Amino acid sequence: MKLRLQTYSPVHIGTGEELNSMDYVILGQNYYRVSLDRFLQFLEAMDEQKKSSLPLAEQFGEWVIARTEELNDLHENRRYHQEKLGKRDYNQQLTQLQQETNLLKFCEQHRLKREFESFLEQSSQDKTIRKYQINSRRKLKVRGQLVNAKHELYIPGTSLKGAIRTALLYQAMKGYGADYQRHLIDSIAKDIRKQRNPRQLAMRVGSTLEPSMAYGGIRTQIKNQQGEKRTITKYNDVQQDVFKFLRVSDARILPEQNDPIEVVKTDLYLVNQVSRDPNNRAFKATKQPQSPYIEAIRRGVRFEFKVEVAVEEIYAISQILKSPKDRKEWIDFEQKIFQIYQIEVGKLSQHKLSEAKKEAEDHILNSLALFAQQQAAFEEKWLERQFLKEQLDRERIPYQTETFREAFDPIFRYPKGKGRRLMRVGYGGGFPNKTMLMYFLEESGFKPVIREMMEILGIGNRPGSKGTYTANLEKFPKSRILVSYERSVAPLGWMEIGRVEDWDQMPKMSESVANDKSLAVEKAIKAEFQKKFPKRGDIIDGIFIRKGPGRQKIFQLYLTEGITQEGSTNYFADLEEGKIYQLQVNAADKKAQKVQSFICRGLKKHKS
């Protein structure tokens, strides 16, 4: 089965490395990944051109040593600086020194800035240096995006297979997992009674669920204390994993897609109680400091990959296992294959293999769709219960509850049964994306044991928190990681998936939304003039016309008495042409009848 993926929100598949200011250069809104080897090549070329008395590479080495000594000195004398200057001033000095320890600073000091900038641009064109866009210049550390040795973007098959496995397990638990659920819960309860330490309990829980659902059994003999032999069946051998019949390739990026990667800021929003009134408790998600920047695949980038269920191998094994009485391996093989793939092994024959393969592929896509719907419902519940209807972050004016809902609306309103489906991959999905815990939180009968397990393992507890921890399943998980653009936010990891042969016939999201009767009220939204000429702080209507250079977005502004004006503002995220947006006026000249500056606050909504 050949499948196509299209990113529906930023997606980050990390390398595990954290880049610092010596690994990249930022010029305006351009971010260049520069390896030490490429920088030394540049210095060698400058040596030949400038005829330096001391090789620039040696000067660079001495400069790095000097900077490192400065950083070490500041760190070692931290107590002195804290006592004399205060912690904040120390941190300011440290940040400034780290920011100045970068390749561009060295080039400025040696009057090579112009040549280095030309080198960066030329190297980005011949693909020896990667060039991305970035929406800020203030971050020191960035998490890298996975690319291959040729700097080509791809999504590893292991990440995709992990997402598919979780979806298939979730579907199996919903349909066939009653016995396994009870077995798992009983095992956790038994381990808790034994007072196992958190590490042992975590290993036990992690090694029970998937084998019980997807591993065939192996019969083996053991001796009791009296030396008597008895036969038991174990379900813990990875060689009996029925997911070995699921083959998933890497997803390769389709050609002719410019600037597929951007560098974006992520923020962790943690929910805290802000009102102690027992009759009117209120919660608010607040942004936490020190959130990382990431290299991420931007929205709208397309990939293709292959998924295959090895039905031929399943059939071949079924022929070997025709005598269940003498079977020592693959115990319950037929049952596990049906639970995971919906393949009835007993009805397989040589001429029905293609049909069974097609049905298994359909089951995979349907399982992904179901799991995505459940994840979206989980996110919507979080928004409804845990956001106050007020400003969430007073430092970033447009971040209100509505801002977050607008970010998730395309996920919540994704049309069902239209051919394409959603799936979630990579960083930022959290517990709902990677575990079966979401399933057990839905089942009220399991909640007491799950709550006790979470309290022992500290799941959902604030890092570094001291004292007794009481898990609140209704509020778990408390935090979300979101991408922060200048005037909007976005969830992470969502992708559209569908068969390649059906892709072009599938409706685009914009077409689906326009045809959705439940959204008919949005068709009546029109751009309106203001009764008076707008002043600073007023909200006016504007139609997005086109993109300008860099991050500029150009709007047709609706002012007063039939007066319109074309104006632009910087806005990092993509906008829909022809749509009406609400714009907040920053500066206006009533005499000249002109709005001089404004910011975009998001799509105009129907007034209820």
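Mentor: A helix here is a DSSP run of H or I with at least four residues, and a strand is an E run of at least two, numbered from the N terminus. This is a predicted model, where local features need pLDDT of at least 70, side-chain atom pairs count only at pLDDT 80 or more, and totals for chains, interfaces and linings use all residues. Residues are numbered from 1 along each chain as its sequence is written, and side-chain values use heavy atoms, with hydrogens and water left out.

Trainee: Thanks! Which helix does Glu 361 lie in?

Mentor: Glu 361 belongs to helix α13, residues 353-386.

Trainee: And is Glu 361 buried or exposed?

Mentor: Glu 361 counts as buried, at 8% relative accessibility (buried is under 20% relative accessible area, exposed over 50%, partly exposed in between, with a 1.4 Å probe and protein chains only).

Trainee: What is Glu 361 in contact with?

Mentor: Setting aside neighbours within four places in sequence, Glu 361 is in contact (heavy atoms within 4.5 Å) with Met 1, Val 307 and Arg 499.

Trainee: Let's zoom out. How many helices and strands are in the chain?

Mentor: The chain has 19 helices and 24 strands. Of its 608 residues, 46% count as buried. Among contacts in the chain with a separation of 6 or more, 73% come from residues 24 or more positions apart.

Trainee: Back to helices. Which residues of α11 are buried?

Mentor: In α11, residues 311-320, the buried ones are Val 311, Ile 314, Tyr 315, Ile 317 and Ser 318. Looking down the axis of α11, these fall within an arc of 165°, so they line one face of the helix (the arc is that of the directions from the helix axis to the C-beta atoms).

Trainee: Now α1 and α6: at what angle do their axes cross?

Mentor: Helix α1 (residues 36-50) and helix α6 (residues 113-125) have axes that cross at roughly 130° and come within 11 Å. The axes are lines fitted to C-alpha atoms over the stretch in contact, with angles from 0 to 180 degrees between N-to-C directions. The two helices are therefore oblique to each other (under 35 degrees is roughly parallel, over 145 roughly antiparallel, 65 to 115 roughly perpendicular, the rest oblique).

Trainee: Which residues make that contact?

Mentor: From α1, Arg 38, Phe 39, Phe 42, Met 46 and Lys 50; from α6, Glu 115, Phe 116, Phe 119 and Ser 123.

Trainee: Last one: where is Ile 599 found?

Mentor: Ile 599 sits in strand β24, residues 594-603. Ile 599 is buried, with a relative accessible area of 9%. Val 585 is 14 residues from Ile 599 in sequence and 6.7 Å from it in space, C-alpha to C-alpha.
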